[in-house]
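Here are a few exercises to work through with the model open beside you. Try each task before reading its solution.

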Amino acid sequence: METAVGKRFKQDGFKLMAVYFVIYFGCFAAHLWWLTAEKWTWVLAILPVLPIVGVITLMGRYLRDETDEYKRDVTIRCLLWGAAGAVSMSLLGGFLWIFGWKGQLPPFLGFWVFFVLMMVAKLSYKVQNRVPEDADVLVWKEGSR
Amino acid sequence: MNFCGTSTPAGKRYQRRVMVTMSLYVVVLVAAVLLVKHTHPHGWLLYAIALLPALPLLAMMGALGVYLQEEKDEYVRLITMRSLLVGTAVLLAVIVVSDFLRAISGAAPLAPFASFVTFFLGFGAAQAVQKMRNRVSDDA
């Protein structure tokens with residue numbers, strides 16, 4: 001069962017991710033049509049970071065307010081999985097470069113690996129720890145016998 | 001107080017695991033470099049060999065996860081969790097800015113290991129700042 005804190009985190013997180021995609025495509029469009037001067041490049045590159053920092057801040061607030069110890073643990077584990085995925089992409093590119101590879105990994109690969117791994121980890125924990133919806137009632141009935 | 005260090009039994013175990021993974025990293029890295037130097041692999045074999053030295057470094061992050069599970073001291077755990085959030089935020093910020101610059105202006109990619117170093121620098125800096133902010137004098 002989802003807690004109130006968890007629901008608020010999910011809602012705000014989705015809103016911020018929507019903002020991220022608007023800024024992300026907006027920055028590409030702005031670079032193509034309006035802000036083509038080189039001085040804008042860094043500004044456009046930094047703008048999409050803001051909603052991401054926002055999501056991480058939300059996650060910090062969620063971890064502070066969430067009273068369910070297990071849910072907090074799962075969130076941190078998922079974050080670690082995501083970070084490990086992003087870092088592993090960078091390490092793979094680094095070692096390939098050291099070993100003489102001349103190519104480049106596609107941009108945003110690390111970022112997408114981060115989110116996909118985080119979601120996969122979350123799903124796998126959810127499946128592993130699935131309890132029937134009426135588990136609370138069953139426990140209560142067992143207790144009252 | 002020593003965060004993620006030797007102040008708690010879980011911290012001690014974490015430190016031991018990090019030592020083991022770092023030793024493994026050195027061994028695997030040397031072996032991979034020698035293998036590439038002598039066999040000149042390419043294609044999928046090169047990708048596979050490039051992934052090998054990354055595994056002990058990923059195991060180091062796994063050790064961090066195990067540490068968080070084992071740590072009984074709520075406060076030390078909270079500090080580590082916050083530091084992990086800061087490390088992840090810094091990591092994602094660096095990746096997004098760098099990839100955006102690559103995509104729109106053809107900038108060079110990040111230096112090898114930049115993400116890994118950035119993550120642990122952010123993590124370490126956050127721990128150090130929290131440690132300083134929560135310092136109590138010896139006679140407190």
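**Exercise 1. Work out which hand the crossing of helix 4 of chain A and helix 5 of chain A has.**

Step 1: the hand is left if the near helix is turned anticlockwise from the far one by less than a right angle, and right if clockwise. Step 2: in this predicted model, helix 4 and helix 5 of chain A cross right-handed. Step 3: helix 4 covers residues 69–98 of chain A, and its axis runs 7 Å from that of helix 5 of chain A, at about 145°. Axes are lines fitted to C-alpha atoms over the stretch in contact, with angles from 0 to 180 degrees between N-to-C directions. Step 4: the contact (C-beta atoms, placed from the backbone, within 7 Å) includes A:Trp81 and A:Met89 of helix 4 and A:Phe114 and A:Tyr125 of helix 5. By class, the contact has 16 nonpolar, four polar and two charged residues.

Residues are numbered from 1 along each chain as written, while chains are lettered from A and ligands numbered from 1 in written order. Local features need pLDDT of at least 70 and side-chain atom pairs 80 or more, whereas totals for chains, interfaces and linings use all residues.

**Exercise 2. Find where confidence is lowest and where it is highest in chain A.**

Step 1: Step 2: the lowest mean, 60, belongs to helix 6 (residues 135–144) of chain A, and the highest, 87, to helix 5 (residues 109–128) of chain A.

Note on methods. pLDDT = per-residue confidence, 0-100. Helix = DSSP H or I, 4+ residues; strand = E, 2+ residues; numbered from the N terminus. Contact = placed C-beta atoms within 7 Å. Nonpolar A, V, L, I, M, F, W, Y, C, P; charged D, E, K, R; others polar.
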